[in-house]
Amino acid sequence: MSTSTPFTVGIVGARGHTGAELITLIAAHPNLQLGFVSSRELAGQPVPHLTQQDGAPLLYENLDADAVAAKGMDAVILALPNGLSAPFVAALTAARPDTVIVDLSADYRFNEHWYYGLPELTRGDYLGQKHISNPGCYATAMQLAISPLLKHLAGPPQCFGVSGYSGAGTTPSDKNNPALLHDNLMPYSLTNHIHEREVSAHLRVPVEFMPHVAPHFRGITMTVNLWLDRVHTREEVVAAYQAYYANEPLIEVIDEAPWVSRIAGRHGVQIGGFDVAPGGKRVVVVVTLDNLLKGAATQAMQNLNLALGLDELSAIPH
């Protein structure tokens, strides 16, 4: 579906890496017009490569919730740290209830009134909701790894995740300090991580997740150990994944274990490895994706396209 009048979109919280990716995607979209970009730290600076309709540079603004609502956008993407979305949601909903809100934080991922937008798994649950919660990057990888064998699980999946340090955001910390990460692998939040709770809630099975940060900038490797309720051959496992994702252009099922260096900068997902242990009831699957793209901005664009009645992959290279 196409439209002659572009939908207007605003971004709140655009200082970070994901904000930059969102700006790039929206700028390339034939049916979207970027109406504003709000960032306290960048206020007054020009948004790279973008101008307003009158030809003047589009500048970053520092907008509070009421000012964002007053912009009257068709859609607003919230790319804020956890815990900061509520005032913007309230103001936008009060000012214009039909505004599409895509929230990239964890604030509404457990809220049954929000559509949880992992399109390859939840597209059938979309019923025109205006409030969309974008899944976490690790959570996206885990759910895509587990779902094809979900009905055959005999116990909690164990998920060993390794992310590039861009996943820790731009606020300085040990987890995004290249000097500390050099020649290192940094484990953290090894139990009860928010993405562990997120996946357990949405797949309705307990999941065990152990996250780590690595010295590379972007990309996630997720190695998932699955115990199954009956014997499977490797051929059966591969066929199950191929069938499950047969009509999903952003998901590539490959034979070998995928490499994170081959997914960085790409909008899709690779799933492979498929090692079956002796006895046929234990399977290890590896998933890679770019945490800034399919783990954040690309998925937000899929959700935004879906909510606006556009082709889900519009402006997404695939």
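Biologist: Where does S189 lie?

Modeller: The model is predicted: local features need pLDDT of at least 70, side-chain atom pairs count only at pLDDT 80 or more, and totals for chains, interfaces and linings use all residues. Residues are numbered from 1 along each chain as its sequence is written, and side-chain values use heavy atoms, with hydrogens and water left out. Helices (H or I, at least four residues) and strands (E, at least two) are DSSP runs, numbered from the N terminus. In these terms, S189 lies in the loop between β10 (186-187) and α7.

Biologist: What is the relative accessible area of S189?

Modeller: Buried means under 20% relative accessible area, exposed over 50%, and partly exposed in between (1.4 Å probe, protein chains only). S189 is not a glycine, yet its phi is positive, near 40°. The residue counts as partly exposed because its relative accessible area is 41%.

Biologist: Which positive phi does N192 have?

Modeller: N192 is found in the loop between β10 and α7. At 48% relative accessibility, N192 is partly exposed. N192 is not a glycine, but its phi is positive, at about 60°.

Biologist: How are α5 and α7 oriented to each other?

Modeller: Axes are lines fitted to C-alpha atoms, for helices over the stretch in contact, with angles from 0 to 180 degrees between N-to-C directions. The axes of α5 and α7 come within 9 Å and cross at roughly 40°. Angles under 35 degrees count as roughly parallel, over 145 as roughly antiparallel, 65 to 115 as roughly perpendicular and the rest as oblique. The two helices, α5 and α7, are therefore oblique.

Biologist: Which residues in α7 do those of α5 meet?

Modeller: The residues of α5 involved are C137, Y138, A139, M142, Q143 and I146. Their partners in α7 are H195, E198, V199, H202 and L203.

Biologist: What is the relative accessible area of M142?

Modeller: M142 lies in helix α5. Not counting residues up to four places away in sequence, it touches C159, H195, V199, V207, F209 and M222. M142 is buried, with a relative accessible area of 0%.

Biologist: Within what arc do the buried residues of α8 fall?

Modeller: The arc is that of the directions from the helix axis to the C-beta atoms. V237, V238 and Y241 are buried in α8. They line one face of the helix, because seen down the axis of α8 they fall within an arc of 95°.

Biologist: Which residues are exposed on the other side of α8?

Modeller: The buried residues of α8 pack against α5, β12, β13 (251-253), β14 and β15. On the other side of α8, the exposed residues are E235 and A243.

Key: Contact = heavy atoms within 4.5 Å.
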